[in-house]
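Keep the sequence and the 3D view open beside you as you read.

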Amino acid sequence: PRRIAASSVAKRIAEEMKTPLGDVVGYKVRFTDKTSPGATIKLMTDGILLAETQTDPHLKKYDTIIIDERLLLKRRDLRVIVTSATIDSERFAKHFASEGKPAPVFSISGRTYPVEIRYRPFEDTDEDDDKTLMDSVADAVDELEMAGRGDILVFFPGEREIREAADVLLRRHRPGTVEVLPLYARLSAEEQERVFKRSGARRIVLATNVAETSITVPGIRYVVDTGLARVKRYSYRNKVEQ
């Protein structure tokens, strides 16, 4: 998820600055470095940043970091910017207080849109109908396709459910009418990048919570949430996580 976030945000910033990716704004993730020697903004995963501290422990090549507060005690000239849509800003401001004064807080409001919520209980309509979760998701997608234009994002708890849903949806649609796009962490970078490329067909993105916590998928108008989540638990019998 962090690799997707680093690459997609870097591309967006480069686009807004009207510069080729890598010239002024680039990104560095595992196995991929899209930064030129003259780049001034670099987005990276926390693992890459940690690796750079091995040769540059005080991160002297940077003057601003988003986010790593551990060096502030050693580098008073370093600026740290914390960005989040969910944190308690007052508590963070007090934590990073300097000379008795809380850190400055900048509130930037985003655009909001009206949202209609439709609840469709998962239940069989008759005793002879063995309806599955995938059938319910496909029915929800059919309903949204009739509601109007726009891409659809469907949340699933894991990779297995995404593969099953992709098979069901592809069987229900004629070839070329929709583009079914899985999105989960184990996909290759090239496959993950497909969700950012628009096409003429309606896109149906099948994702784990990576799409909720790490990136913004463009063009989404409808969201289907299965209401399921994979939660790790510890089994004292076999001492493994399940």
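## A covered strand

Strand E6 (residues 151-155) is mostly covered, with five of its five residues buried. Here, buried means under 20% relative accessible area, with a 1.4 Å probe and protein chains only. Strands are DSSP runs of E with at least two residues, helices are runs of H or I with at least four, and both are numbered from the N terminus.

A word on the source: this is a predicted model, in which local features need pLDDT of at least 70 and side-chain atom pairs count only at pLDDT 80 or more, while totals for chains, interfaces and linings use all residues. Residues are numbered from 1 along each chain as its sequence is written, and side-chain values use heavy atoms, leaving out hydrogens and water.

In a regular strand the side chains alternate between the two faces of the sheet. From E6, Asp151, Leu153 and Phe155 point one way, Ile152 and Val154 point the other way, and all are buried.

## The neighbours of E6

Which strands pair with E6? One is strand E9 (residues 220-225), joined to E6 in the parallel sense over five bridges; another is strand E8 (residues 202-207), which runs parallel to E6 and is joined to it by four bridges. Two strands count as paired if DSSP finds at least two bridges between them. To find these pairings on screen, look for Phe155 with its bridge partner Asp225 in E9, and for Ile152 with its bridge partner Ile204 in E8.

## Helix H4

Helix H4 (residues 133-147) has 15 residues and reaches 21 Å from its first C-alpha to its last, close to the 21 Å expected at 1.5 Å a residue. That expected span is 1.5 Å times one less than the number of residues.

Met134, Ser136, Val137, Ala138, Ala140, Val141 and Leu144 are buried in H4. The buried residues of H4 pack against E6, helix H5 (159-172), E8 and E9, where contact means heavy atoms within 4.5 Å. After H4 comes Gly148, with a positive phi near 155°.

## A three-stranded sheet

Elsewhere, an open sheet of three strands has the order E2-E1-E3, with mixed pairing. Its edge strands are E2 (32-34) and E3 (41-44), each pairing on one side only.

Strand E1 (residues 25-29) pairs with E2 in the antiparallel sense over three bridges, and Tyr27 has Lys34 as its bridge partner in E2. Helix H1 (residues 2-16) packs on this sheet, touching E1 and E3, and its direction makes about 170° with that of E1. Axes are lines fitted to C-alpha atoms, for helices over the stretch in contact, and angles run from 0 to 180 degrees between N-to-C directions.

Terms used:
Buried means under 20% relative accessible area, exposed over 50%, partly exposed in between (1.4 Å probe, protein chains only).
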